[in-house]
Amino acid sequence: MAGTLAALFRMAGAGFLLAREGAFSLVEIDDLPALPRAAIRLGKLLEKRGADEATRPERITAALNRLGPSYIKLGQFLATRADIVGIDNARMLGRLRDEIPPFPDAEARLMIEKALGKPIDSLFRSFSPPVAAASIAQVHKAEIETAGGERKAVAVKVLRPDVRRRFKRDMETFFAAARLIERVDPASRRLRPIAVVETLDRSVALEMDLRLEAAALSEMGEATVADTGFRVPKVEWELTARDVLTLEWIDGIKLSDVAALEAAGHDLPELARRLMQAFLRHALRDGFFHADMHQGNLFVDATGTIVAVDFGIMGRLGRAEQRFLAEILYGFIGRDYRRIAEIHFEAGYVPARHSLDDFAQALRAIGEPIHGQKASEISMARLLTLLFEVTELFDMQTRPELLLVQKTMVVVEGVSRSLDPNFDMWSTSEPVVRDWIGRYLGPAGQLERVGEGFGALARLANELPRLAERAERLSAEFDRMGEKGIRLDPETIAGIGRSEAHAARWGRVALWVIAIVAVVAGLKVIS
């Protein structure tokens with residue numbers, strides 16, 4: 001109980017800070033129930049008087065940085081959930097970058113020695129102060145000696161001290177907020193706030209094990225080994241552990257430095273095209289993609305090859321999601337709106353109670369205006385804005401795995417447009433999507449799926465004896481229940497009673513916390 005109360009008060013403190021910087025002014029309240037609408041209005045009253053509206057995004061991102069690493073990650077994660085915060089706010093949060101000061105070099109050295117079990121001087125020939133710092137880890141440049149006796153530059157990523165404990169504490173706050181939102185606003189359950197926090201919690205837990213980032217680098221390296229114009233750094237596995245990742249040092253120009261790219265003689269429109277096609281290949285062909293492809297994580301080396309770094313956030317798509325994405329893109333490229341609608345219904349994303357023809361008509365309203373524009377004005381961001389509005393109208397449930405790939409596509413499109421203002425999203429995507437359609441939905445793909453089907457049947461045949469045994473036990477249990485009824489032991493009955501009492505008690509506590517915060521906020525406004 002004390003822990004939950006502490007989480008609620010931390011949540012109130014964070015809410016007050018964000019309200020002062022104008023975060024509540026970004027929320028549309030028209031469709032909210034009465035109590036959340038009143039809370040948002042109160043929050044808007046707390047915004048600093050005389051603050052410049054144009055600086056609100058910068059003030060909000062600064063507030064998230066002040067609140068700490070967990071809130072930065074929350075903001076970055078919400079940038080992937082335009083269905084919750086809206087496209088404009090998602091784009092604003094998408095610009096949120098970690099601006100955390102580095103921790104002392106001496107602490108980094110101790111972390112590395114503890115993780116790798118050796119003195120740092122025996123691990124590296126040289127070791128620099130931090131060259132980059134973020135919410136979870138920071139990076140140092142170092143040198144190792146190769147088997148041939150030569151020096152080789154490497155990047156050493158080391159986890160922040162005590163970062164796991166801090167994230168665990170803040171996640172308790174986020175879970176308390178999500179539970180409160182679902183309790184106060186039942187309509188919000190369609191967006192699954194608790195599931196959102198669970199996904200964030202899992203994502204951060206994976207990101208804080210640098211061995212998993214090394215594995216992601218290795219997997220993508222193998223998948224893209226034959227791809228021209230794109231690669232990832234090589235991992236130094238013997239110098240990698242849970243809290244330390246050592247990999248090849250990349251000498252290159254960041255994609256954010258357009259002037260330097262031009263001065264080096266790189267073909268910017270070609271880089272824009274290659275970046276988008278690389279992302280689509282990873283998502284469609286491999287079902288595994290870099291989900292944080294902003295300019296700061298992308299370099300161009302001397303050969304003109306794009307090199308991606310920072311593989312802490314990755315996305316995966318199953319074959320069903322790959323097909324859904326490919327057919328949606330192909331449908332919009334070919335203006336086959338009925339097929340796009342059929343894919344939504346076949347996948348079960350739109351409830352069958354809705355009319356397929358009505359949904360196809362709504363999709364046409366999205367696609368036709370976009371196809372009537374010049375290439376430089378065709379925006380994936382605009383398409384997704386309209387698509388979110390339509391899918392909400394047709395009760396489409398949130399699909400986190402698709403939202404991540406959609407968010408990444410918008411980011412990659414933005415990077416490509418920064419390189420080439422006339423970047424044509426559709427003509428660039430079409431060859432990759434057409435190749436996937438031909439390979440997996442053509443004759444070869446049909447044969448492959450037949451083979452997968454036979455494999456599934458063989459596995460089912462192996463499971464049949466065990467399934468028959470389970471069915472026999474289940475039948476006997478139903479017969480017993482029919483004769484004697486369902487019985488609950490005393491411990492189960494007592495547990496149910498305790499659970500109900502606990503839920504009622506915490507509902508009252510939550511309401512009192514809301515009331516206290518409202519009174520305090522009101523006094524602040526008056527003063």
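Let's start with contacts across the chain, where contact means heavy atoms within 4.5 Å. Take the contacts between residues at least 6 apart in sequence: 68% of them join residues at least 24 apart. This is a predicted model, so local features need pLDDT of at least 70, side-chain atom pairs count only at pLDDT 80 or more, and totals for chains, interfaces and linings use all residues. Residues are numbered from 1 along each chain as its sequence is written, and side-chain values use heavy atoms, with hydrogens and water left out.

Now the overall numbers. The protein chain has 21 helices and 10 strands. Those are DSSP runs, numbered from the N terminus: helices are H or I with at least four residues, strands are E with at least two. Of the 527 residues in the chain, 44% are buried. Buried means under 20% relative accessible area, exposed means over 50%, and partly exposed is in between, with a 1.4 Å probe and protein chains only. The accessible surface comes to about 27000 Å², and carbon and sulfur atoms hold 56% of that. Those areas come from the Shrake-Rupley method with a 1.4 Å probe.

Next, helix packing. Two packed helices are described by the angle between their axes and the distance between the axes. Here axes are lines fitted to C-alpha atoms, for helices over the stretch in contact, and angles run from 0 to 180 degrees between N-to-C directions.

First pair: α14, residues 319–334, and α15, residues 337–346. Their axes come within 8 Å and cross at roughly 160°. That makes α14 roughly antiparallel to α15. The cut-offs: under 35 degrees is roughly parallel, over 145 roughly antiparallel, 65 to 115 roughly perpendicular, and the rest oblique. The crossing of α14 and α15 is left-handed. Left-handed means the near helix is turned anticlockwise from the far one by less than a right angle; clockwise is right-handed. Who makes the contact? From α14, it is R323, F324, E327, I328, G331 and F332. From α15, it is Y337, R339, I340, I343 and H344. By class, that contact has 6 nonpolar, 2 polar and 3 charged residues. Nonpolar covers Ala, Val, Leu, Ile, Met, Phe, Trp, Tyr, Cys and Pro; charged covers Asp, Glu, Lys and Arg; the others, Gly among them, are polar.

Between those helices sits R335, in the loop joining α14 and α15. Its phi is near 60°, a positive value in a residue other than glycine. Most residues other than glycine have a negative phi. R335 is partly exposed, at 43% relative accessible area.

On the α15 side, the contact includes Y337, R338, I340 and A341. On the α16 side, L356, F359, L363 and H371 are among the residues involved. The contact of α15 with α16 divides into 8 nonpolar, 3 polar and 5 charged residues.

Stay with H371, in helix α16. Buried or partly exposed? H371 counts as partly exposed, at 26% relative accessibility. Leaving aside neighbours within four places in sequence, H371 is in contact with F332, I333, R335 and Y337. H371 and I333 are 38 residues apart along the chain, with C-alpha atoms separated by 8.5 Å.

Over to strand β1, residues 126–133, where we find P130. At 25% relative accessibility, P130 is partly exposed. Beyond four places in sequence, P130 is in contact with P102, F103, D105, Q138, V139 and H140. The C-alpha atoms of P130 and K141 are 7.3 Å apart, and the two residues are 11 apart along the chain.

A132 is in strand β1 too. It is partly exposed, with a relative accessible area of 39%. A132 and I100 are 32 residues apart in sequence and 9.4 Å apart, C-alpha to C-alpha.

Last, two loop residues. D162 is in the loop between β3 (151–159) and α9 (163–184). Phi of D162 is positive, near 65°. D162 is partly exposed, at 42%. P421 is in the loop between α18 (400–419) and α19 (425–440). At 57% relative accessible area, P421 is exposed. P421 and A272 are 149 residues apart along the chain, and their C-alpha atoms are separated by 9.7 Å.
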